[in-house]
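Thanks for coming. I will take one structure today and go through a few of its local features in turn.

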Amino acid sequence: MKLLNDYLREKFGCKVYKLALNGGFTCPNRDGTLDMRGCIFCSAGGSGEFAESPNLSITEQIEEGKKRVEKKIKDGKYIAYFQAYTNTYGPVEKLRKLFKEAINHPDIVVLSIGTRPDCLPEDVLNLLGELNQIKPVWVELGLQTIHKKSADYIRRGYELPVYDRAVKELRKRNIEVITHVIIGLPGETTKDMEDTVRYVCSSGATGIKLQLLHILRNTDLATEYESGKISVLSEDEYIEILKRLTDIIPDNVIIHRLTGDGDKKILIAPMWSANKRHVINRINKEIK
Ligand code: SF4
């Protein structure tokens with residue numbers, strides 16, 4: 001099992017922190033192109049609650065983010081993480097300007113871009129390939145599951161071959177691909193989740209993020225939960241599933257996350273996940 005921190009330390013020789021940035025994007029699953037409602041679990045902030053304000057320039061956001069972690073990090077390096085919404089959903093010239101500003105910052109060692117696999121047209125892929133010559137570019141893809149029933153339930157809005165094509169095109173340009181998988185989607189068995197993780201690990205992805213399903217306020221998933229239609233995993237169930245999943249992940253696929261990262265202010269369930277330190281301690285003891 002290879003975890004992100006170890007990978008970064010090996011690669012850069014120091015602690016590397018992620019700065020969550022906001023390029024002021026929207027998402028085709030929210031602006032009406034595919035849907036108006038967004039993915040069933042997605043909060044109003046487009047899964048970017050920890051990102052800086054889009055009213056600031058990228059350089060200002062980086063400086064703000066650095067100030068936040070300054071006490072914890074001395075002479076460290078940073079990953080510019082475009083997190084909120086779909087960060088390749090825009091004209092290529094807008095993307096070029098934003099991403100170049102981030103990648104050219106002297107303290108940034110990696111440009112990481114969260115997006116959907118159906119938002120990677122040729123010109124954007126080529127731009128990412130070009131930027132990857134300056135500094136490493138990572139692309140984070142929200143796959144969540146390989147199972148059609150679950151993908152329809154969460155309103156993901158694209159089919160599995162779209163993911164396959166995106167990974168292939170990104171890897172062709174030597175870009176690292178980190179695939180997001182949700183643990184605990186309603187109706188999925190442990191075997192379903194294992195199948196998803198196995199698929200991701202053989203898809204060409206270089207990294208994986210395992211994210212516990214969170215029920216966040218003002219989402220359609222919250223309505224489902226509050227009406228008793230769905231339930232969430234208990235802490236013990238989550239740890240057991242994680243053990244099974246981490247056993248499957250080979251060392252050449254870096255594990256970028258093993259815990260959820262929901263904003264406590266809007267978290268409805270599972271509330272045990274809000275005690276991050278406790279969950280991390282259990283993971284350290286029972287899994288790592
Ligand atoms: S693709 Fe991402 S930003 Fe868009 S609705 Fe789904 S989770 Fe939210």
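This is a predicted model: local features need pLDDT of at least 70, side-chain atom pairs count only at pLDDT 80 or more; totals for chains, interfaces and linings use all residues.

Residues are numbered from 1 along each chain as its sequence is written, and side-chain values use heavy atoms, with hydrogens and water left out.

First, the ligand. How many residues surround the ligand? There are 10, where a residue is near a molecule if one of its heavy atoms lies within 4 Å of it. The closest are C27, G38, C39, C42 and R116. The shell around the ligand divides into five nonpolar, three polar and two charged residues. For these classes, Ala, Val, Leu, Ile, Met, Phe, Trp, Tyr, Cys and Pro count as nonpolar, Asp, Glu, Lys and Arg as charged, and the others, Gly among them, as polar.

Next, helix packing. Helices here are DSSP runs of H or I with at least four residues, strands are runs of E with at least two, and both are numbered from the N terminus. Axes are lines fitted to C-alpha atoms, for helices over the stretch in contact, and angles run from 0 to 180 degrees between N-to-C directions.

Take helix α9, residues 235-248, and helix α10, residues 276-286: they pack at an angle of about 40 degrees, with axes 11 Å apart. That makes α9 oblique to α10; angles under 35 degrees count as roughly parallel, over 145 as roughly antiparallel, 65 to 115 as roughly perpendicular and the rest as oblique. The crossing of α9 and α10 is right-handed, meaning that the near helix is turned clockwise from the far one by less than a right angle. On the α9 side the contact is made by E235, D236, I239, L242 and K243, and on the α10 side by H278, R282, I283 and E286, with contact meaning heavy atoms within 4.5 Å. By class, that contact has three nonpolar, one polar and five charged residues.

Helix α9 also packs on helix α7, residues 190-201; their axes come within 9 Å and cross at roughly 30 degrees. α7 and α9 are therefore roughly parallel to each other. From α7, T190, M193, E194, V197 and R198 meet I241, R244, L245 and I248 of α9. This contact has five nonpolar, one polar and three charged residues.

Now the aromatics. The structure holds two aromatic pairs, a pair being rings of Phe, Tyr or Trp (its six-membered ring) with centres within 6.5 Å. One of them joins F82 and F99 edge-to-face, at 5.0 Å centre to centre and 75 degrees between the planes; planes under 30 degrees apart count as stacked, over 60 as edge-to-face and the rest as tilted. F82 lies in strand β2 (77-82) and F99 in helix α3 (92-103), so the pair ties together parts that are 17 residues apart in sequence.

Last, the backbone. Most residues other than glycine have a negative phi, and most peptide bonds are trans. Y85, in the loop between β2 and α3, has a positive phi near 60 degrees. The peptide bond from A269 to P270 is cis, with omega near -10 degrees, and P270 sits in the loop between β9 and α10.
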